[in-house]
Amino acid sequence: MHILDSAATIGRLPFPALIAALDDMFRADVTVPRRHLHVLSDAPPHAGSLLIMPAWQPGRYLGIKHVTIFPGNGEAGLQGLHSTYTLFDARTGVPVAMLDGDAITVRRTAAASALAARSLARADARRLLIVGAGKVAAALAPAYAAVRHIDEVTVWNVRADKAEVLAARLREDGFNATAIEDLEAGVRRADIVTCATLSQAPLVRRAWLQPGVHVDLIGGFTPQMRESDDATFADTSVFVDTREALDKAGDVLSPMAAGVFAAEHVRATLEDLCRGRHPGRERNDEITVYKAVGTALEDLAAAMLVFEANESSA
């Protein structure tokens, strides 16, 4: 069994290839059970949960991502989330690779947003606002640059110093990037607003969204997490990665509870977009909103790409 660390995993996931792999996987027949969440302990400071995300493609591969979530780790100087990914031969059940699950998650999350934006962002979108400054946020500019001509990147974060660090890193990578402190002004100027935070309070407001903007909400994955206000879903064109978003995402659940949005108002899923069941953006002045909570299908696509690239280079 091959064991690939973070650098080896990331090195085999260039965004153009990963976006194409995700597109192919959403068009393919893949079994994706609902994720399993187990509370290990709810007693601080050692409260923790285990998330298990399986997916398989008969005759090809089976993959399982294990994620441990310990919110109190920060006090000990540790990450709050750790994950591993195990890939098996689906014909025999033989394990073939163990990959860095954190790297898989970061890259596939950014790539899935870019894949959705390929159908939902205006063709001439060039100004990207990144809300957040963590690992996923750092991957968004190169991911979006694979599907749109991004020539201006702004970064906002609740901690301004972290926004400055990310902007500097993006400049080193060749992007015209700056950190900003006025979120409203940044949203009003952007062609694409992408949010990758762990916020539990709305950040982006509907009143700030200009005609033609694409809003990408990918940070919140629990009912308590929020990156937008209820009004963002009231009169916009809403898309989701999978229908699980309607059960898990606070950004969707809150406007549903408030009566300003309903499940039937979802225009399409990412699978619908990839399979051509929905055209995506239909007007230049349309405000599109994409809400994602992630799916094990994306993890499997990324892991297969890593493993097969590693095999071909051996």
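The side chains of Arg-275 and Glu-271 meet in a salt bridge, with 3.8 Å from N to O; the term stands for a side-chain nitrogen of Lys or Arg within 4 Å of a carboxyl oxygen of Asp or Glu. Arg-275 is partly exposed at 31% relative accessible area, and Glu-271 is partly exposed too, at 28%. On the scale used here, buried means under 20% relative accessible area, exposed means over 50%, and partly exposed is what falls in between (1.4 Å probe, protein chains only). This is a predicted model, so to speak of local features takes a pLDDT of at least 70, and side-chain atom pairs count only at pLDDT 80 or more, while totals for chains, interfaces and linings use all residues. Residues are numbered from 1 along each chain as its sequence is written, and side-chain values use heavy atoms, with hydrogens and water left out.

Salt bridges turn up elsewhere as well: a search of the whole structure finds 26. Side chains of opposite charge can pair when their charged atoms come close. Helices here are DSSP runs of H or I with at least four residues, strands are runs of E with at least two, and both are numbered from the N terminus. Arg-108 counts as buried because its relative accessibility is 5%, and Asp-299 is buried with a relative accessible area of 0%.

Another pairing brings Glu-286 and Arg-267 together in a salt bridge of 3.8 Å, N to O. This pair links distant parts of the chain, 19 residues apart: Glu-286 is in the loop between helix 9 and strand 16 (288-291), and Arg-267 is in the loop between helix 8 (250-257) and strand 15 (268-269). Glu-286 is buried at 1% relative accessibility, whereas Arg-267 counts as partly exposed at 40%.

Rolling a probe the size of a water molecule over the atoms shows where empty space is left. The second largest pocket holds about 320 Å³ of space. Its lining has 22 residues, and the closest to the pocket centre are Val-32, Thr-242, Glu-271, Thr-295 and Leu-297. Strand 3 (48-57), helix 9 (270-274) and helix 10 (296-313) are the elements that give two or more residues to this lining. By class, the lining has nine nonpolar, four polar and nine charged residues. For these classes, Ala, Val, Leu, Ile, Met, Phe, Trp, Tyr, Cys and Pro count as nonpolar, Asp, Glu, Lys and Arg as charged, and the others, Gly among them, as polar. A pocket is an open set of points on a 1 Å grid over the protein atoms alone, where a 1.4 Å probe fits and protein lies on both sides within 12 Å along at least five of seven lines; lining residues have an atom within 4 Å of a point. Grid points are joined across faces, edges and corners, and the volume is the space filled by probe spheres set on the points.

Met-98 belongs to strand 6 (residues 95-100) and is partly exposed at 31% relative accessibility.

Cys-274 is in helix 9 and is buried at 5% relative accessibility. Leu-166, in helix 5 (residues 160-172), is buried at 3%; its C-alpha lies 11 Å from that of Val-136, 30 residues away in sequence. Asn-73, in the loop between strand 4 (61-69) and strand 5 (81-89), is buried with 17% relative accessible area. Finally, the peptide bond from Pro-44 to Pro-45 is cis, with omega near 5°, and Pro-45 is found in the loop between strand 2 (36-41) and strand 3.
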